[in-house]
Amino acid sequence: MVQTALALVYADLVADVKTSTDGKLYPLGTKREEDGKIYRYVEKGAGATAAVNGKLAYHQDGDFKVTATAADTDDGLVAGVWMSVIAASGFGWIMVRGRKTLTTSGVDDIIKGDALIGDAAAAGGVRRAVLTVAGTTGAEVRAALDMGIVARALADDVDAADTVDAYVVIE
């Protein structure tokens, strides 16, 4: 007997969102693979910071309830990258693997190949994982390693826009 896999067809785009009154389209945590990228379906938790396309989302309560504010959780708990603006208690997709333009912290000069980590001070932005720069303290190195690499820069950052083309490696 030959088994064939059926392609799953989604009723939405990865940039589509649902409000709390609309209800969710899929179980939280649904994994979606599309165009060589991987996404997870999440609920946006509380937090004053808006979910912004290209900024980091952080685990908040439960496995797939996320926030846009690292201060609401821990800056090492990166869940993915927002694909769109999701209102509090709303539902949508975050990217966990694949190519994406990310918002930077604006303080680093990121160069192609750099490992990127979340930057709690940058409200969802990323910065270089500073591991070998002269003058870096042991505490800074440990902090960078503790937070975990979330992406690799595919190009130098665009200083004027505070963005960098990167490959997200969260999952």
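Colleague: Which residues do ring pairs link into a cluster?

Modeller: This is a predicted model. The structure holds six aromatic pairs. Ring pairs join five residues into a cluster: Tyr10, Tyr26, Tyr41, Phe91 and Trp93.

Colleague: What is the geometry of the pair formed by tyrosine 10 and tyrosine 26?

Modeller: The ring centres of tyrosine 10 and tyrosine 26 are 5.6 Å apart.

Colleague: Is tyrosine 26 buried or exposed?

Modeller: Buried means under 20% relative accessible area. Tyrosine 26 has 14% relative accessibility, so it counts as buried. Tyrosine 10, at 16%, also counts as buried. For tyrosine 26, then, the word is buried.

Colleague: Which strands does the pair of tyrosine 41 and tryptophan 93 tie together?

Modeller: Tyrosine 41 and tryptophan 93 pair edge-to-face, 5.0 Å centre to centre, with 65 degrees between the planes. The parts they tie together are 52 residues apart in sequence. Tyrosine 41 lies in residues 37-44 and tryptophan 93 in residues 91-103, so the strands are S2 and S6.

Colleague: Which residue has its charged end over the ring of tyrosine 10?

Modeller: The charged end sits 4.1 Å from the centre of the tyrosine 10 ring. The residue in question also lies over the face of tryptophan 93, at 4.9 Å from the ring centre. It is arginine 32.

Colleague: Which element gives the most to the largest nonpolar core?

Modeller: The largest nonpolar core has 23 residues. Those with the most contacts inside it include Leu56, Trp93 and Leu102. Elements giving two or more residues include S2, strand S3 (56-59) and strand S10 (163-169). The most, four residues, come from S6.

Colleague: How many residues are in the second, separate core?

Modeller: In soluble globular proteins, nonpolar side chains tend to be buried together. Here a second core is separate, with Val42, Ala57, Val66 and Ile94 among its members. Its residue count is nine.

Definitions and conventions
Residues are numbered from 1 along each chain as its sequence is written. This is a predicted model: local features need pLDDT of at least 70, side-chain atom pairs count only at pLDDT 80 or more; totals for chains, interfaces and linings use all residues. Side-chain values use heavy atoms; hydrogens and water are left out. Rings of Phe, Tyr and Trp (its six-membered ring) pair if their centres lie within 6.5 Å; planes under 30 degrees apart count as stacked, over 60 as edge-to-face and the rest as tilted. Buried means under 20% relative accessible area, exposed over 50%, partly exposed in between (1.4 Å probe, protein chains only). A charge sits over a ring if NZ of Lys or CZ of Arg is within 6 Å of the ring centre and within 35 degrees of the ring normal. A nonpolar core is a set of buried Ala, Val, Leu, Ile, Met, Phe, Trp, Tyr and Cys residues joined through side-chain atoms within 4.5 Å.
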